[in-house]
Structures are given as C-alpha cells and as structure tokens.
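Here is a friendly tour of one protein chain. Have a look at the fold, then read on.

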Amino acid sequence: PFVLVGHGGGVPASGTAGYFSHNLVDAYLVDLEVRRTFCFHATKMYLGFGPRYARMSHDQSVTGFAVVDDDILTGTARSNREAYGTGIFLAAGGRKPLFCNACAHFFFNLRASILWGSTDVDVETSASLVDPTATAASYNAAAAELYDDMFVGEVSLGIQWDYELKWMCANAFFRVAGEYQYWDASQGFASAFSFADEVGVVDSAAYAEADGLRMNLTGFSIATGFTW
C-alpha cells in the first residue's frame with residue numbers, strides 16, 4: 001500500500017490519495033524422464049526425454065483511491081493470466097571433474113519442451129464515486145480462452161560434489177547452480193474499462209488489459225540427494 005496525504009495529481013491539501021497493489025506469479029513443472037548416459041572423454045553425458053506437465057499463472061491488481069473535498073473516488077483494475085498443458089521435453093547435460101580424481105564436478109543441463117493446452121486471460125475493472133447526495137459506479141469484465149501450444153526452455157550451470165557411500169551402494173551429492181528459464185504462452189488478449197463521474201466536478205476511471213504470458217526467470221538452485 002502507498003498513501004499520500006495532501007499531495008499529488010490535482011488532489012488539494014485537504015485530500016488523501018493512494019493505492020494498493022498485488023502481484024503474484026506461480027509456476028511449476030512435473031517431468032517423467034527416460035535417460036541414457038554415456039562418456040565423452042572425461043565428461044559423463046546424458047540424453048533424456050519424456051512427458052511433461054507445466055502450469056503458470058500471473059495475478060495482479062491495483063486499487064486507487066482519492067478523497068477530493070466531499071467526494072470519495074475509487075478505481076480497481078485486475079488481470080489474471082493462466083496457461084497449462086501437457087507435452088514432451090528433450091534434455092541433455094553432463095558433468096566433468098574439476099581436476100583429476102576430484103569429487104567436485106562442473107555440470108550443465110539443457111531442457112526444451114513443447115506443450116499443448118489452454119491459455120486463459122481475464123480482466124476486471126470497477127470505478128465508483130460517492131458524495132453525500134449520490135453514488136455512481138460501474139463494473140466491467142472481459143475474458144479470452146485459447147487452446148494452443150506453450151514452450152518452456154531451461155539452462156542451468158553449476159558445481160556438484162559427489163561422495164561414494166559404499167555401505168549402501170549409492171552416491172550422495174550436493175549441488176549449487178545458476179538457472180535461467182523462458183516460458184512462452186503469449187496467445188490471447190482481453191481488456192475492460194470502467195468509468196464513474198460527477199458531471200463537471202470530478203470523475204473516476206479504471207482500465208485493464210492483459211495478453212498471454214511470457215516470462216524470463218533468472219535465479220539459483222540448491223539440491224542434495226542420492227543416486228544409485
């Protein structure tokens with residue numbers, strides 16, 4: 001939330017203006033992978049493929065308000081975008097010892113997938129004006145749904161430490177990596193507009209538009225576990 005008292009955009013010293021905003025991104029992947037490993041000089045490589053399910057959503061809204069003399073104005077704009085689908089992915093990667101007989105390895109992973117499913121886009125707007133003698137308000141919404149493809153690409157680079165557990169015929173590992181992901185489900189478009197006014201005095205308006213989703217994500221990952 002952000003509030004200004006007696007400042008900004010034509011609001012007189014006796015007024016108050018501000019807004020509340022909300023922004024949420026959620027995304028996840030589920031893979032089932034078949035993998036073939038092989039050695040290339042000192043690098044242990046793999047190729048993999050399998051089915052994948054992916055889902056991502058982005059929900060955001062902003063509500064603005066102002067008090068001008070004896071009028072209370074509000075306007076809200078909200079959008080929700082969601083894409084999900086099932087498809088296939090291809091993967092490749094490898095790891096190489098940092099030096100001879102080292103337990104630490106440099107590794108990389110590449111993944112690319114194409115999925116088919118639904119992209120849903122909807123928007124809502126509302127505007128209101130309240131004074132001691134009257135109230136004006138409006139509400140509008142729009143939505144679009146498309147069945148199309150979605151692309152997800154991933155790259156990760158990092159360091160992995162391996163330790164042989166002879167008593168259980170397994171390897172323990174600890175991994176730190178940087179990661180980049182690109183999600184593209186950019187189809188669909190919706191827009192809405194709401195308006196309320198006191199003629200010749202003041203008005204309140206809200207506008208929202210949203211298209212399909214496209215995300216560039218950069219971050220890091222930490223993982224540990226066992227391999228057999």
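## A salt bridge and its network

Arginine 111 and aspartate 31 join their side chains in a salt bridge, with N and O 3.4 Å apart; the term means a side-chain nitrogen of Lys or Arg within 4 Å of a carboxyl oxygen of Asp or Glu. Arginine 111 belongs to strand S6 and aspartate 31 to strand S2 (residues 16-31), so the pair ties together parts that are 80 residues apart in sequence. Strands here are DSSP runs (E, at least two residues) and helices likewise (H or I, at least four), numbered from the N terminus. Arginine 111 is buried at 17% relative accessibility, while aspartate 31, at 32%, is partly exposed. Buried stands for under 20% relative accessible area, exposed for over 50%, and partly exposed for what lies in between (1.4 Å probe, protein chains only).

Both residues also take part in a network of salt bridges with Glu33, Arg35, Arg52 and Glu154. Please keep in mind that this is a predicted model, in which local features need pLDDT of at least 70 and side-chain atom pairs count only at pLDDT 80 or more, while totals for chains, interfaces and linings use all residues. Residues are numbered from 1 along each chain as its sequence is written, and side-chain values use heavy atoms, with hydrogens and water left out.

## More salt bridges

The structure holds 12 salt bridges. One of them links aspartate 59 with arginine 78 at 2.9 Å, N to O. Aspartate 59 sits in strand S4 and arginine 78 in strand S5, so this pair connects parts 19 residues apart in sequence. Aspartate 59 is buried at 18%, and arginine 78 is partly exposed at 22%.

Arginine 214 pairs with aspartate 184, their closest N and O atoms being 3.8 Å apart. Strand S9 (residues 202-227) holds arginine 214 and strand S8 holds aspartate 184, so the two tie together parts 30 residues apart in sequence. Aspartate 184 is buried, with 18% relative accessibility.

Leucine 90 lies in strand S5 (residues 71-97) and is exposed at 59% relative accessibility. Beyond four places in sequence, leucine 90 has contacts (heavy atoms within 4.5 Å) that include Gly48, Phe49 and Arg111.

Alanine 77 is also in strand S5, yet it counts as buried at 13%. Among the contacts of alanine 77 outside its four-place neighbourhood are Gln60, Glu124 and Tyr207.

## An open hairpin

Is strand S3 (residues 34-40) largely in the open or buried? Zero of its seven residues are buried, so S3 lies largely in the open. Seven bridges join S3 to the antiparallel strand S4 (residues 43-68); two strands pair if DSSP finds at least two bridges between them. Threonine 37 faces tyrosine 46 in S4. Two residues separate the strands in this hairpin, where histidine 41 has a positive phi near 55 degrees.

## The chain as a whole

The chain has nine strands and zero helices. Its radius of gyration is 26 Å, well over the 17 Å of the globule rule for 228 residues, so the chain is more spread out than a compact globule. That radius is taken over C-alpha atoms, and the rule is 2.2 Å times the number of residues to the power 0.38. The C-alpha trace spans about 80 × 40 × 30 Å along its principal axes, and 35% of the 228 residues count as buried.
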